Amino acid sequence: MQYLLQFAVSHELFRCEEVDAILVRAGVDPATAYDVGAARKAFDLGSPFLICDLPSEAVARELSERAILVKRVLELWGTAPTVDQTVEAVKAFPEERLRPHLAEDRSWSVAVAGVRCKRSSEEQQEIRKHFAFLPLLGPVRCKEPDTALYCLEEFAAEGYFEEGRMPLRVYFGREVGQSNRRLVGARSLSTRAYLGPTSMDNELSLVMANMVHAGPGTLILDPFVGTGSILVAAAQFGAVCVGTDIDPRPLHGRGDGANIFSNFDQFGLPHPDVVRSDNALFAGHFKGGIVDGLFDGIVTDPPYGIRAGARRTGSRRANVTPVRPEQRADHVPMTRPYAVEDVLVDLLDVAARALRRGRRLCYLMPGTYETCTRASLPGHPCLRLVAHSVQGLTKTTCRRLVTMVKVAEYDPAQRAAYEAHSRRGLTAAEVDPRAAVPDRPTEEWKQSLLRRGKLGGTSWVPAGDTAAAMAQAAAAAAADAAAGGGEGDTAAAMAQAAASADAAAGGGGEGGSGALPAAADAAGGGGGGEGGSGALNGAGDGAAALPPPPPQEESASADAETNAAHAGVHQ
């Protein structure tokens, strides 16, 4: 059965990854649901729509209930380049699947909405009349009807002010559910009682919680918990949370009593268990393997010396005075800088050790386009890369959302070999085919990222893009999916990526001030906007029955080009 996903204009580069994670959680192979290469091309050109083949409405409802970047999910009754052709497609839809939703005891409404289009009330009414053949027997209800029908039109950005322009695509279907985006604004950073300089914005935290399948009965760890923003998101999905951090200050809180637990109390969420611990000494702190294979997910935003320098236990001095036994009870160890490469290598070792088999690690890391390659990511024999997306921040910097799954049991006796393997970089054999991680960044790839805008902002396409460009993009999807990566990965490449990330952000080992504050904020997770509503930047839906509805708001979404691209995504 075909379902239409309409996305909010936010974090476009993370759309496929979040949808894939939710489908896997529901037991559906994403490769059977949609063509990821064609979908990425369409998103790159500004389309907010994706058609998926799903096995049941229950899966579609789970997508609508879990997804943060999805605005709504429709059961697709028909789609075509024009309204008249869409009407014919709806007439061909199986009547036995229509009848239960159009019965006398079910209220209904028909909404007309557009992407990059503003329809008058009269125009919306004329479009509704095209669907008057539907046997809608129940009462009309504009708010919360039993059956909400939508006619969605997608237009190109070019010629926005021209009269009589035609849509690229028209979709008609029944709403299965609306998304969970209300959580984004309701619990945004601006509403919270306790914040720190590296607090992750709520929208991206919720996406990351989806990536590790946080939910009721799952145990989620953040080994760089800070003020607990990511765990707040995981707790919103019902997960039991544990956080560790080497810095006691965010754990203890401010002098006015606000601390890491304040936000959980504010939103009525259960407290996480919080422990002061050094990620570099994880195995030593949790002795006897008491946490081996314990966690259902690890989700974190590690420090990289951009706004808060990474630290580990130790001293820079060669000779350190031992701590006397009588002082150990309340002794706070000295700390020293923690190299970015070491942070990542240790994080993967913690994940390989502490995760249950088949469970996930998700983390963010900043970088530059030149170092944003497979070789710059650490690998691990026990882990496999299943999702990788890159978000352009500035002309030189970006951030990467990395998700890995545990595929083999951890052997403590092999830790030295694991570490050496990690420092050599990720190999092609450790990458899932759907994970879009380049071996060599190209200028075309970089410009594609920059077109998306900063921090999940609206997409755009330069004026003059044509149907030929869209057709070429759709055709390139198959080639991208078939492309493979070579070997030759080195520790030097990974080290260069880490060094470039710090240098580009203006930070150092100690978290100095950044020469690129916008990139630093974004890469650290706290500088992004909250993405308040999922309304496609104001794309009103004008929901109404046959009486004329209120005027529809204008959509400020970005671009899609022509029906040629849709052919690559929707067939």
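**Entry 1: Tyr-194**

I started with Tyr-194, which sits in the loop between helix H8 (182–186) and helix H9 (202–211). Helices here are DSSP runs of H or I with at least four residues, strands are E runs of at least two, and both are numbered from the N terminus. This is a predicted model, in which local features need pLDDT of at least 70 and side-chain atom pairs count only at pLDDT 80 or more, while totals for chains, interfaces and linings use all residues. I kept in mind that residues are numbered from 1 along each chain as its sequence is written, and that side-chain values use heavy atoms, with hydrogens and water left out.

Is Tyr-194 buried or exposed? I found it buried, with a relative accessible area of 5%. (Buried means under 20% relative accessible area, exposed over 50%, and partly exposed in between, with a 1.4 Å probe and protein chains only.)

I then looked up what Tyr-194 touches, leaving aside neighbours within four places in sequence: its contacts include Thr-227, Arg-249, Pro-250, Ala-258 and Asn-263. Contact means heavy atoms within 4.5 Å. Ser-262 is in contact with Tyr-194 too; the two are 68 residues apart in sequence, and their C-alpha atoms are 6.4 Å apart in space.

Most residues other than glycine have a negative phi. I noted two residues with a positive value.

- His-11 has a phi near 50°. It lies in the loop between strand S1 (2–7) and H1, and it is buried, with a relative accessible area of 2%.
- Glu-144 also has a phi near 50°. It is found in the loop between helix H7 (121–129) and strand S5 (147–154), and it is exposed, with a relative accessible area of 73%.

**Entry 2: helix H1 and its partners**

Next I followed H1 (residues 15–25). Its axis and that of H4 (residues 57–66) come within 10 Å and cross at roughly 130°. Axes are lines fitted to C-alpha atoms, for helices over the stretch in contact, and angles run from 0 to 180 degrees between N-to-C directions. H1 and H4 are therefore oblique to each other, since angles under 35 degrees count as roughly parallel, over 145 as roughly antiparallel, 65 to 115 as roughly perpendicular and the rest as oblique. Which residues meet here? I listed Glu-18, Val-19, Ile-22, Leu-23 and Arg-25 from H1, and Val-59, Glu-62, Leu-63 and Arg-66 from H4.

H1 also packs with helix H3 (residues 36–44), at an angle of about 140° and with the axes 10 Å apart. That pair is therefore oblique as well. Arg-15, Cys-16 and Glu-17 of H1 make the contact with Val-36, Ala-39, Arg-40 and Phe-43 of H3.

**Entry 3: the cores**

How many residues does the largest nonpolar core have? I read 60, and those with the most contacts inside it are Leu-5, Leu-23, Tyr-34, Leu-54 and Met-208. (A nonpolar core is a set of buried Ala, Val, Leu, Ile, Met, Phe, Trp, Tyr and Cys residues joined through side-chain atoms within 4.5 Å.) A second, separate core has 38 residues, including Leu-221, Phe-224, Val-291 and Ile-298.

I checked Tyr-34 too: setting aside neighbours within four places in sequence, its contacts include Cys-16, Leu-23, Ala-39 and Arg-434.

**Entry 4: the whole chain**

Last, I noted the totals. The chain's secondary structure comes to 20 helices and 16 strands, and 57% of its 571 residues count as buried.
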